[in-house]
Amino acid sequence: MSTATTKPKDSYNEADLPQFEPMPWSLKEIRDVLPARLFKRDTARGLRHFALDLIMATILWTAATYIDPYFAQGEVIEKFSPIGAEVARWAVWGVYWWFQGLVFTGIWVIGHECGHGAFSENQWVNDILGFVTHTFLWTPFFSWRISHHRHHSNHASMERDEVYVPKTRSDLGIPPEKEPFEPLDWDELFGDTPIYTLYMLVRQQLLAFPVYLLTNVSGQKHYPKWTNHFDPNSILFTKSQRGIVWISNAGIAFMIWGVWKSCQIWGAADTFKYYGLPWLLVTHWFIMITYLHHTDPIMPHYRGKEWNFQRGAAATVDRPFLGWQGRFFLHDVAHFHVIHHFFPKMPFYHGPEATSYLKAFIGDHYISSDKPVFKALWDNYNDCQFVEDDGDVLFYRNKEGKAVRRPTDPYFLGKKSTKVE
């Protein structure tokens, strides 16, 4: 089992980096090692998971309605002191936001399963439930489903993937390296202070998904300017798909009306506390999960004929995201994402068992990481800056232009190692 992520050595010689051989098996060979029962979609089982999400959301919302009145009582203020009561009040709100954010993210995951057709054998069930859950969380379900399907169909392809496409050396205006390796002035190129890097990272976590929907940020650079998920005439959609894009837009318009109405009835502050902030955490968790699944220095990207579906599917990373909370609230999708890329229609509740079969078959081509996810987020945000303009098997380089892995000699464009074994 490969483990991400390894720091490069100080004495850097790219030819001596650990080597990567692209995966040789066909998708059918991999599919044949998995029992057929793992592909069975059980609507009732999926609905039980969804019902539990709704119950937890309702319990949390009901409990939260007692927070402000309780801490406003005279005897409570007298017991805690005014400052103590206020601190305790906001601490309880913090607990609500944390868990309601996770529950809402689990509901988004249910919609994601519906988008893949993995929730039910009945497409009407997938469409209706996916539309309702994603609309509630400000995702244009059918429009997102179209581009997300293309992401799965082309993952890790530099030319065709839809999201988390690495920037290249020339995209960032970085001149080529001299031979032998002679460092450029990397501080001039990437000399951000940690505070500024943190600001950019927080901005990514809170805004990346809505900005992606609106402007296609992190998507294919050759798409026209202002490519987005709301324009039925966008390059993302075919002529026959325009109708369902309008349905998605109607759902988002309904949410705009619903939030406006909520602000009128209960006030903007309560609307934000009960719904808005948990939704912001959904955006954060969703971006963090997907970013860490698809971004790591040990993970390859491909160009041209070296890409195929199964190689792209293996170019993802499983992570024990938030421990038991990730498994329970997020329906295991963060822990077992690699198998999902191989077989998107496999229900999430079969992910753990299916992963054990996959790992046994593909061996070191299965990538996982036990690194704490917030540390991994910081490290990968700094270490995954760009890939080279040339080559068909590529790995991210950090802020010093260094990689932690290279392809085997048939795919390697640098000078071969002169090290004597």
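Helices in this tour are DSSP runs of at least four residues, numbered from the N terminus. The model on screen is predicted.

**First stop: a loop position**

Select P176, which sits in the loop between α7 and α8, the latter spanning residues 186–190. P176 is classed as exposed because its relative accessible area is 62%, and the cut-off for that class is over 50%. Although P176 and N13 are 163 residues apart along the chain, their C-alpha atoms are separated by 16 Å.

**Second stop: the largest nonpolar core**

Next, select F104, W108, L137, F209, M288, L292 and F321. Within the largest nonpolar core, which has 48 residues, these are the members that touch the most others. To see where the core comes from, colour α2 (43–64), α5 (82–116), α7 (141–153), α9 (194–215), α11 (268–294) and α16 (373–383); each of these helices supplies at least two of its residues. Which helix gives the most to this core? The answer is α11, with 10 residues.

Keep M288 selected and display its surroundings. Beyond its neighbours within four places in sequence, M288 is in contact with Q205, F321, V373, F374 and L377.

**Third stop: spans named in a record**

An unreviewed UniProt entry places the feature "transmembrane region" at residues 50–67, 87–110, 243–260 and 272–293. Two of these spans may be selected in turn. In residues 50–67, 89% of the span is helix and 0% is strand, and the end C-alpha atoms lie 26 Å apart. Residues 243–260 are 100% helix and 0% strand, with 26 Å between the end C-alpha atoms.

Side chains of opposite charge can pair when their charged atoms come close. The whole structure contains 19 salt bridges, and three of them may be visited here.

Begin with R41 and E121, whose closest N and O atoms are 2.7 Å apart. This pair links distant parts of the chain: R41 belongs to the loop between α1 (27–31) and α2, while E121 belongs to the loop between α5 and α6 (123–136), 80 residues away. Is R41 buried or exposed? With a relative accessible area of 18%, R41 is buried, since the limit for that class is under 20%.

Move to helix α11 and select D270 and K273, which lie 3 residues apart, about one turn of the helix. Their side chains meet in a salt bridge, at 3.6 Å from N to O. D270 is partly exposed at 29% relative accessible area, whereas K273 is buried at 11%.

Then select K402 and E400, joined by a salt bridge of 3.4 Å, N to O. K402 counts as buried, at 13% relative accessibility, while E400 is partly exposed, at 41%.

**Last stop: a nonpolar patch on the surface**

Finally, show the surface and select L198, V202, L206, L207, V211, V217 and W378. Together these residues form a nonpolar patch with about 520 Å² of accessible area. Helix α9 gives the most to the patch, with 5 residues. L207 is found in this helix and counts as partly exposed, at 44% relative accessibility.

Conventions:
Residues are numbered from 1 along each chain as its sequence is written. This is a predicted model: local features need pLDDT of at least 70, side-chain atom pairs count only at pLDDT 80 or more; totals for chains, interfaces and linings use all residues. Side-chain values use heavy atoms; hydrogens and water are left out. A nonpolar core is a set of buried Ala, Val, Leu, Ile, Met, Phe, Trp, Tyr and Cys residues joined through side-chain atoms within 4.5 Å. Buried means under 20% relative accessible area, exposed over 50%, partly exposed in between (1.4 Å probe, protein chains only). Contact means heavy atoms within 4.5 Å. UniProt positions are given in the numbering used here, feature names are shortened, and annotations may be inferred rather than shown by experiment. A salt bridge is a side-chain nitrogen of Lys or Arg within 4 Å of a carboxyl oxygen of Asp or Glu. Patches are made of residues with over 30% relative accessible area and no salt bridge: like charges are joined within 9 Å, nonpolar side chains (Val, Leu, Ile, Met, Phe, Trp, Tyr) within 5 Å. Accessible areas come from the Shrake-Rupley method with a 1.4 Å probe; for residues, only the protein chains shown count as cover.
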